[in-house]
Structures are given as C-alpha cells and as structure tokens.
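Subject: Structure handover

Hello,

Here is the structure I promised to pass on. Please open it next to this email and follow along.

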Amino acid sequence: MKAPGTAYDDPVLGRDPQPAHMRDYVVTTDDNGGVHINSGIPNHALYLTSTAIGGEPWMRTGRIWYRALTQKLFAQAGFLDFAAATVSAAGELFGSGSSVQSIIADAWSAVGLPVPAQAKKSAAPRALPSNRTKWRSRPLARRKA
C-alpha cells in the first residue's frame with residue numbers, strides 16, 4: 001500500500017505491475033478489467049489517508065472506508081465514485097470541511113483522482129439516477145497492458 005509497484009522485481013516473475021497513480025492505470029480485459037492490478041491506486045490512497053490522519057487506522061479511516069463501501073456505492077462504481085464516497089462519508093462522520101475530510105480529498109488527489117467539490121459536502125448521500133452508467137468513473141489516463 002505504501003509503494004504499489006515495488007512488491008517484487010524478480011528475473012522469473014518480472015516486476016510488480018501495480019500502479020500507484022491513475023496516469024499509470026492499466027487497461028486490460030484480463031482480471032475482470034484489471035481489478036487486481038489497478039487496486040494499487042485506491043490502496044495507496046488508503047495508505048496516504050491513514051498515515052496522514054495517524055493513530056489507529058480502524059478508528060477513523062476504517063470507519064470511513066466501511067461506510068463508503070456499505071452505504072454509498074452501487075454495483076458498477078468506479079474509482080472516482082469510491083473517492084467521492086469516502087470524502088462524503090468523512091464529512092458525515094467527522095464534519096463537513098473537517099481536517100479528516102480534507103486529508104482524504106488530498107490523498108485521492110495525490111493518486112490522480114481529484115474529488116469533485118460537491119463530494120466534499122456531506123449533508124446527505126446523493127441519490128442514484130435510474131441510468132447508473134452516467135455515474136461510472138472514467139479513468140483520467142490510460143496505459144495499455
């Protein structure tokens with residue numbers, strides 16, 4: 001989580017392919033669209049958030065991620081949807097405009113997923129439109145595998 005892409009560099013296996021930033025997003029049809037290879041991006045955002053907040057990660061970051069995963073996502077959510085969901089959950093749990101919410105937004109920006117300003121407002125979860133495809137995240141940059 002600290003440094004995706006550095007877990008191994010082996011003459012037989014090759015180099016760890018996980019990107020840490022959206023500019024290195026791997027576009028592939030393998031692995032259900034690269035869900036495991038590209039997981040380094042949100043994992044790195046989690047690491048950045050947890051280290052910046054400090055303390056026991058389950059006390060704040062864990063609660064935020066859990067709320068986002070269980071209450072704010074839909075089946076075809078993408079990385080940007082998840083980023084916005086965590087920022088919104090942080091506002092609900094720790095206050096809109098709180099340092100925790102800002103830390104999470106900054107962590108997502110650091111991995112190439114700037115959170116839209118409306119996601120920083122946490123008054124209520126957004127309603128999902130009937131045509132959910134309009135809400136799917138689009139990668140900011142792509143690299144072919």
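**What I found**

Of the 145 residues of the protein chain, 37% count as buried. Keep in mind that this is a predicted model.

**Overall layout**

The protein chain has 6 helices and 4 strands. Read from the N terminus, the order is β-β-β-α-α-α-α-α-α-β. Residues 24 or more positions apart make up 55% of them. The chain exposes about 8,500 Å². Carbon and sulfur atoms supply 53% of that area.

**The core**

Which residues touch the most other members of the largest nonpolar core? They are Ile64, Trp65, Ile104 and Trp108, in a core of 23 residues. H4 gives the most, with 7 residues.

Now pick out Trp65. Leave aside its neighbours within four places in sequence. Trp65 is then in contact with Leu46, Thr49, Phe82, Thr86, Ile104 and Trp108.

**Aromatic pairs**

A search of the whole structure gives 4 aromatic pairs. Take Tyr25 and Phe79, one of these pairs. Their ring centres are 6.2 Å apart and their planes sit at 80°, so the pair is edge-to-face. The cut-off for that label is an angle over 60 degrees. Tyr25 lies in the loop between strand S2 (14-15) and strand S3 (26-27), while Phe79 lies in helix H4. The pair therefore ties together parts that are 54 residues apart in sequence. Tyr25 counts as buried, because its relative accessibility is 16% and the cut-off for buried is under 20%. Phe79 has a relative accessible area of 22%, so Phe79 is partly exposed.

Next, look at Trp65 and Phe82. Their ring centres are 5.8 Å apart, with planes at 80°, so this pair is edge-to-face. Trp65 is in helix H3 and Phe82 is in helix H4. They are 17 residues apart, and the pair links distant parts of the chain. Are these two residues buried or exposed? Both Trp65 and Phe82 are buried. Ring pairs also join Trp65, Phe82 and Trp108 into a cluster.

**Salt bridges**

How many salt bridges does the structure hold? It holds 2. Side chains of opposite charge can pair when their charged atoms come close.

Glu92 and Arg67 meet through their side chains at 2.9 Å, N to O. Glu92 is in helix H4 and Arg67 is in helix H3, 25 residues apart. Glu92 is partly exposed, at 26% relative accessibility. Arg67 is partly exposed too, with a relative accessible area of 23%.

Glu92 and Lys72 also form a salt bridge, at 2.7 Å, N to O. Lys72 lies in the loop between H3 and H4, and Glu92 lies in H4, so the pair ties together parts that are 20 residues apart in sequence. Lys72 has a relative accessible area of 12%, so Lys72 is buried. Put together, Arg67, Lys72 and Glu92 are linked in a network of salt bridges.

**A closer look at H4**

H4 has come up several times, so check its length. At 1.5 Å a residue, its 16 residues should span 22 Å. The end C-alpha atoms of H4 are 22 Å apart, which agrees. The buried residues of H4 are Asp81, Phe82, Ala83, Ala84, Ala85, Thr86, Val87, Ser88, Ala89, Ala90 and Gly91. Gly95 follows H4, and its phi is positive, near 100°.

**Two backbone angles to check**

Most residues other than glycine have a negative phi. Where do the positive values turn up here? Asp31 has a phi near 55°, a positive value in a residue other than glycine. Asn32 also has a positive phi, near 55°. Asp31 counts as partly exposed, at 31% relative accessibility. Asn32 is exposed, with a relative accessible area of 69%.

Best wishes

Note on methods: Residues numbered from 1 in each chain as written. Predicted model: local features only at pLDDT ≥ 70, side-chain atom pairs only at ≥ 80, totals over all residues. Heavy atoms only, no water. Helix = DSSP H or I, 4+ residues; strand = E, 2+ residues; numbered from the N terminus. Buried < 20%, exposed > 50% of the residue type's maximum accessible area, 1.4 Å probe, protein only. Contact = heavy atoms within 4.5 Å. Areas by Shrake-Rupley, 256 points an atom, 1.4 Å probe, with all protein chains shown as cover. Core = buried A, V, L, I, M, F, W, Y, C linked by side-chain atoms within 4.5 Å. Phe/Tyr/Trp six-rings, centres within 6.5 Å; stacked < 30°, edge-to-face > 60°. Salt bridge = Lys/Arg side-chain N within 4 Å of Asp/Glu carboxyl O. Expected span 1.5 Å × (residues − 1).
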